[in-house]
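Work through the exercises below with the structure in view. Try each task before you read its solution.

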Amino acid sequence: MALKFFTPKIKHKQFSFMPRYYDERKERLELKRKAYSDEALENDERGSLMKEKLRDTWAQGRTRQQANYQANFRVIVLIVLIVALGYFVLNGLDDVDNVIHKLMD
């Protein structure tokens, strides 16, 4: 028992690991900053900048298409609602119960 006090204690292992953090947004901003400054761009930087511009234009086209689709869908839904309301107004509100019963059956 007395020998334990004379031996050195076991210490935990320490590692010098530095975690890496990749910030894509920061890297894109750096490329754009270099492109608009007076610094000369290297070939690989110029290529990645062109890829980024192309990706941005494609993304804008996709969002524009999606917005057009949503707007067209809303217009179609509104037209259907107006036609349905017009039908019920012209034929009277008594037909509403008949139509609802037909839809439920």
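**Exercise 1: A charged residue and its partner**

E52 counts as buried, at 10% relative accessibility. Buried means under 20% relative accessible area, exposed means over 50%, and partly exposed lies in between (1.4 Å probe, protein chains only). This is a predicted model, where local features need pLDDT of at least 70, side-chain atom pairs count only at pLDDT 80 or more, and totals for chains, interfaces and linings use all residues. Residues are numbered from 1 along each chain as its sequence is written, and side-chain values use heavy atoms, with hydrogens and water left out.

Task: Find the residue whose side chain meets that of E52 in a salt bridge.

Solution: 
- Start with the rule. A salt bridge is a side-chain nitrogen of Lys or Arg within 4 Å of a carboxyl oxygen of Asp or Glu.
- Side chains of opposite charge can pair when their charged atoms come close.
- The partner is R55, at 3.1 Å from N to O.
- Now check the spacing. R55 and E52 are 3 residues apart in helix α3, so about one helical turn separates them.
- An α-helix has 3.6 residues a turn, so residues three or four places apart point the same way.
- R55 is partly exposed, at 46% relative accessibility.

**Exercise 2: The other bridge**

Task: The whole structure holds 2 salt bridges. Describe the one that R33 forms.

Solution: 
- R33 pairs with E30, and their closest N and O atoms are 3.2 Å apart.
- The two residues, R33 and E30, sit 3 residues apart in helix α2, about one helical turn.
- R33 is exposed, with a relative accessible area of 52%.
- E30 is partly exposed, at 37%.

**Exercise 3: The helices**

Task: State how many helices and strands the protein has. Then test the length of α3.

Solution: 
- Helices (H or I, at least four residues) and strands (E, at least two) are DSSP runs, numbered from the N terminus.
- The count is 4 helices and 0 strands. Along the sequence the pattern reads α-α-α-α.
- The expected span of a helix is 1.5 Å times one less than its number of residues.
- For the 49 residues of α3 that gives 72 Å, and the end C-alpha atoms are 72 Å apart, so the two agree.
- After α3 comes G92, with a positive phi near 95 degrees.

**Exercise 4: Inside and outside**

Task: Name the buried residues of α3. Then find the nonpolar surface patch that includes Y69.

Solution: 
- Buried residues make up 6% of the 105 residues in the protein.
- In α3 they are E45, L49, E52 and F88.
- These buried residues pack against α2 and α4 (94-104), where contact means heavy atoms within 4.5 Å.
- For the patch, take residues with over 30% relative accessible area and no salt bridge; like charges are joined within 9 Å, nonpolar side chains (Val, Leu, Ile, Met, Phe, Trp, Tyr) within 5 Å.
- The patch is Y69, F73, V77, L78, L81 and I82, with about 650 Å² of accessible area together.
- Areas come from the Shrake-Rupley method with a 1.4 Å probe; for residues, only the protein chains shown count as cover.
- Y69 lies in helix α3. It is exposed, at 57% relative accessible area.
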